[in-house]
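Subject: Handover of a structure, with notes

Dear colleague,

Please look at the structure first and then read the notes beside it.

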Amino acid sequence: MSVAQKQINQMLTMQDAMNSRVSESWRSNGYEWYRAIWVECAEMLDHHGRKWWKHQEIDIAQVQLELVDIFHFGLSLRLMTGDSVDYISSKLAKELHQGTGENDFKIALENLASAAVTKKSFDAKALADCMSLMNMDLDELFRQYVGKNTLNFFRQDHGYKEGSYIKIWHGEEDNEVLANLVKTLDTGADDFQQQLYAALEAKYPSA
């Protein structure tokens with residue numbers, strides 16, 4: 001099994017665990033994962049810049065974060081097919097490696113959104129195009145995915161679903177706190193997730 005497949009395999013397993021944490025019956029709940037994808041695409045376009053009538057700077061870090069969020073939903077859609085994790089990871093590894101070669105970010109993003117709207121599916125090749133144009137490889141996707149997945153678990157454990165979770169930590173949004181913490185830890189460590197969770201716990205404001 002290739003490194004790419006192993007990483008995707010791990011992310012699929014983590015996604016299944018996260019979805020099950022939200023609802024044990026997530027596979028039969030009828031969640032519209034495809035809709036979450038195209039909504040995120042629209043939000044991402046604001047961070048990238050779409051207004052030709054004014055000057056806009058591309059917020060690469062925020063665009064990358066949105067791509068990671070989309071990958072969460074894409075993994076969920078692929079898991080919904082009922083195929084094995086090994087089969088899905090093998091297929092995704094090929095698609096993410098290939099892309100389509102599209103060199104206009106907005107077109108690549110529209111291709112990603114279009115598949116979600118018209119086919120209710122996840123276009124991994126279009127995501128690969130978007131990643132490539134934002135200087136993001138699979139290793140970086142994996143690093144950011146593990147970080148965000150850990151934060152999502154932390155949110156659930158601290159009242160996110162009930163509405164009691166605190167999203168602003170000492171003046172910073174939790175996503176920003178996460179990004180800064182990840183930089184201080186060894187993402188290659190076997191217990192990286194556990195270290196990150198403990199670091200988030202230490203930073204979380206007491207109510």
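The notes below go through helix contacts, aromatic rings, cysteines and a few loop residues.

Please keep in mind throughout that this is a predicted model.

I begin with helix H3, which spans residues 60-79 and whose axis comes within 10 Å of the axis of helix H7, residues 138-157, with a crossing angle of roughly 75°. Angles of 65 to 115 degrees count as roughly perpendicular, and H3 and H7 are therefore roughly perpendicular to each other. On the H3 side the contact is made by Gln-64, Leu-65, Val-68, Asp-69, Phe-71, His-72 and Leu-75, while H7 contributes Glu-140, Leu-141, Gln-144, Tyr-145, Lys-148, Asn-149 and Asn-152. Sorted by class, the residues of this contact of H3 with H7 comprise six nonpolar, five polar and three charged ones.

Helix H3 also meets helix H1, and here the two axes come within 10 Å and cross at roughly 90°, which makes H1 roughly perpendicular to H3. The residues involved are Met-11, Leu-12, Gln-15, Asp-16 and Asn-19 of H1, together with Phe-71, His-72, Leu-75, Ser-76 and Leu-79 of H3. This contact of H1 with H3 has five nonpolar residues, four polar ones and one that is charged.

Turning to the aromatic rings, the structure holds eleven aromatic pairs. One of them is formed by Trp-33 and Phe-73, whose ring centres are 6.3 Å apart and whose planes make an angle of 35°, a tilted arrangement. Trp-33 belongs to helix H2 (residues 33-48) and Phe-73 to helix H3, so this pair ties together parts of the chain that are 40 residues apart in sequence. Trp-33 and Phe-73 are both buried.

A further pair is that of Phe-71 and Tyr-145, with ring centres 6.3 Å apart and planes at 85°, so the pair is edge-to-face. It connects distant parts of the chain, as Phe-71 sits in helix H3 and Tyr-145 in helix H7, 74 residues apart. Elsewhere, ring pairs join Phe-154, Tyr-160, Tyr-165, Trp-169, Tyr-197 and Tyr-204 into a cluster.

As for the cysteines, you will find zero disulfides in the structure. In the case of Cys-41, the closest cysteine sulfur is that of Cys-130, at 7.0 Å, which is too far for a bond, given that a disulfide needs the two sulfur atoms within 2.5 Å. Cys-41 counts as buried, at 3% relative accessibility, and Cys-130 counts as buried as well, at 0%.

Lys-120 has a positive phi of about 55° although it is not a glycine, and it is found in the loop between helix H5 (105-118) and helix H6 (124-133). Asn-135 likewise has a positive phi of about 55° without being a glycine; Asn-135 lies in the loop between H6 and H7, where it is exposed, with a relative accessible area of 65%.

Finally, the loop between helix H1 (3-22) and H2 includes Ser-23, which is buried, with a relative accessible area of 12%. Leaving aside its neighbours within four places in sequence, Ser-23 is in contact with Asn-29 and Tyr-31. Glu-32 is found in the loop between H1 and H2 too, but Glu-32 is partly exposed, with a relative accessible area of 39%. The C-alpha atoms of Glu-32 and Met-80 are separated by 11 Å, with the two residues 48 residues apart along the chain.

Note on methods. Residues are numbered from 1 along each chain as its sequence is written. This is a predicted model: local features need pLDDT of at least 70, side-chain atom pairs count only at pLDDT 80 or more; totals for chains, interfaces and linings use all residues. Side-chain values use heavy atoms; hydrogens and water are left out. Axes are lines fitted to C-alpha atoms, for helices over the stretch in contact, and angles run from 0 to 180 degrees between N-to-C directions. Helices (H or I, at least four residues) and strands (E, at least two) are DSSP runs, numbered from the N terminus. Angles under 35 degrees count as roughly parallel, over 145 as roughly antiparallel, 65 to 115 as roughly perpendicular and the rest as oblique. Contact means heavy atoms within 4.5 Å. Ala, Val, Leu, Ile, Met, Phe, Trp, Tyr, Cys and Pro count as nonpolar, Asp, Glu, Lys and Arg as charged, and the others, Gly among them, as polar. Rings of Phe, Tyr and Trp (its six-membered ring) pair if their centres lie within 6.5 Å; planes under 30 degrees apart count as stacked, over 60 as edge-to-face and the rest as tilted. Buried means under 20% relative accessible area, exposed over 50%, partly exposed in between (1.4 Å probe, protein chains only).
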